[in-house]
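Have a look at the picture first, then read on.

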Amino acid sequence: MTTRGAGAPGRGVRGDLFDPHCPTRQLLDRIGTKWTSMAVKTLADAAPDEVRFAELRRRMPGVSQKMLSVTLRSLTRDGLVSRRVEPTVPPRVFYRLTGLGLSLEAALAGLRTWAEEHMAEIDRANEAAAQEADEG
């Protein structure tokens with residue numbers, strides 16, 4: 001079963017990751033990036049308050065202005081983040097997680113915890129694989 005069916009697309013219908021035509025794959029591509037995880041975490045830490053773009057960038061070391069912009073645009077389009085613009089010169093832009101975005105934070109938190117707890121083991125496996133490739 002995919003989210004493309006009769007009636008309103010995506011409403012009350014679960015996706016199927018193994019269906020090559022299912023949009024779940026594209027959604028996982030968007031929400032599975034390190035920048036998405038960092039942006040969602042940063043906004044969740046500030047919730048229910050809003051965070052300005054410049055402050056988000058400051059709290060996300062290594063992210064470029066363009067990548068943060070692309071990430072926030074995608075999260076906003078997906079309904080995970082709300083965006084508010086104050087019509088000043090220059091405009092002040094604020095972001096916050098929606099209820100849907102907060103629900104994503106819970107899932108991403110588990111993934112981040114797993115990665116942090118298992119990083120040393122993953123590093124050892126990568127080192128062993130590299131050593132094996134060098135010897136082989």
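Helices (H or I, at least four residues) and strands (E, at least two) are DSSP runs, numbered from the N terminus. By that definition, the chain has five helices and three strands. Starting at the N terminus, their order is α-α-β-α-α-β-β-α. The radius of gyration, taken over C-alpha atoms, is compared here with a globule rule of 2.2 Å times the number of residues to the power 0.38. For the 136 residues of this chain the rule gives 14 Å, but the radius of gyration is 19 Å, well over that value, so the chain is more spread out than a compact globule. Its C-alpha trace spans about 60 × 45 × 25 Å along the principal axes.

A word on the model: it is predicted, so local features need pLDDT of at least 70 and side-chain atom pairs count only at pLDDT 80 or more, while totals for chains, interfaces and linings use all residues. Residues are numbered from 1 along each chain as its sequence is written, and side-chain values use heavy atoms, leaving out hydrogens and water.

How much of the chain is buried? With buried meaning under 20% relative accessible area, exposed over 50% and partly exposed in between (1.4 Å probe, protein chains only), 26% of the 136 residues count as buried.

Now for the charges. Lys and Arg count as positive and Asp and Glu as negative, with His and the chain ends not counted; the place of a charge is NZ of Lys, CZ of Arg, CG of Asp or CD of Glu. The chain has 20 positive and 18 negative side chains, and the centres of the two sets lie 13 Å apart. Side chains of opposite charge can pair when their charged atoms come close. A salt bridge is a side-chain nitrogen of Lys or Arg within 4 Å of a carboxyl oxygen of Asp or Glu, and the whole structure has eight of them. The table shows some of these pairs.

| Pair | Closest N to O |
|---|---|
| Asp78 and Arg30 | 2.8 Å |
| Arg58 and Glu55 | 2.4 Å |

Asp78 and Arg30 form a salt bridge that links distant parts of the chain: Asp78 lies in the loop between α4 (65–77) and β2 (81–86), and Arg30 in helix α1 (residues 24–31), 48 residues apart. Asp78 is partly exposed at 21%, as is Arg30 at 29%.

Arg58 and Glu55 are three residues apart in helix α3 (residues 53–59), which means about one helical turn separates them. Arg58 is exposed at 58%, whereas Glu55 is partly exposed at 24%.

Glu105 and Arg112, by contrast, are both buried.
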